[in-house]
Amino acid sequence: MKYLLWALVLYLAWRWYSAQKQKGDAPATDDAATPAASTPAATSVADAPARSEAMVRCASCGIHLPVSEALPAPGDLHFCSEAHRARHDAH
Ligand SMILES: [Zn+2]
């Protein structure tokens with residue numbers, strides 16, 4: 001009967017441990033913000049850890065910025081702002 005108690009304690013400890021581990025490993029992801037309509041290839045960037053985030057280049061002004069802050073556009077393009085995306089579309 002005592003083994004059962006130990007098993008329960010170990011189970012709870014393991015549950016607590018994995019919960020703590022999960023909290024540290026998984027920062028909040030903004031997958032909900034991903035547009036469903038375009039660029040399925042862009043989702044592969046989400047595999048990279050948040051700290052060493054992929055950098056992309058604005059197709060309009062050439063500035064480099066984290067992919068999470070860039071505005072995606074069809075044709076694997078990225079833009080630093082809505083204004084630059086509109087400017088590129090106008091051409
Ligand atoms: Zn720009």
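**Close-up views of a predicted model**

The protein has two helices and four strands. This is a predicted model.

View 1. Of the 91 residues in the protein, buried residues make up 8%. Taking the contacts between residues at least 6 apart in sequence, 23% join residues at least 24 apart. The views that follow go to single residues.

**View 2. L65 sits in strand β2.** This strand covers residues 64–66. L65 counts as partly exposed because 17 C-beta neighbours lie inside 10 Å, a count that falls between the limits of 12 or fewer for exposed and 20 or more for buried. Apart from neighbours within four places in sequence, L65 is in contact with M55, V56, C58, A70 and C80.

**View 3. C80 lies in the loop that joins β4 to α2.** Helix α2 spans residues 82–90. Is C80 buried or exposed? C80 has 20 other C-beta atoms within 10 Å, so C80 is buried; the cut-off for a buried residue is 20 or more. Leaving out neighbours within four places in sequence, the contacts of C80 are C58, C61, I63, L65 and A70. C61 stands 19 residues from C80 along the chain, with 8.2 Å between their C-alpha atoms. L65, the subject of the previous view, also lists C80 among its contacts.

**View 4. G62 is part of the loop between β1 and β2.** Strand β1 consists of residues 55–57. G62 is exposed because 8 other C-beta atoms lie within 10 Å, and a residue with 12 or fewer is called exposed. Where is C80 relative to G62? The two residues are 18 apart in sequence, and their C-alpha atoms are 8.8 Å apart in space.

**View 5. D76 is located in the loop between β3 and β4.** The strands on either side of this loop are β3, residues 71–73, and β4, residues 77–79. D76 has 12 other C-beta atoms within 10 Å and is therefore exposed, since the limit for an exposed residue is 12 or fewer. The backbone of D76 has a phi near 60 degrees, which is a positive value in a residue other than glycine. A59 is 17 residues from D76 in sequence, and the C-alpha to C-alpha distance between D76 and A59 is 9.8 Å.

Conventions
Residues are numbered from 1 along each chain as its sequence is written. This is a predicted model: local features need pLDDT of at least 70, side-chain atom pairs count only at pLDDT 80 or more; totals for chains, interfaces and linings use all residues. Two residues are in contact if their C-beta atoms, placed from the backbone, lie within 7 Å.
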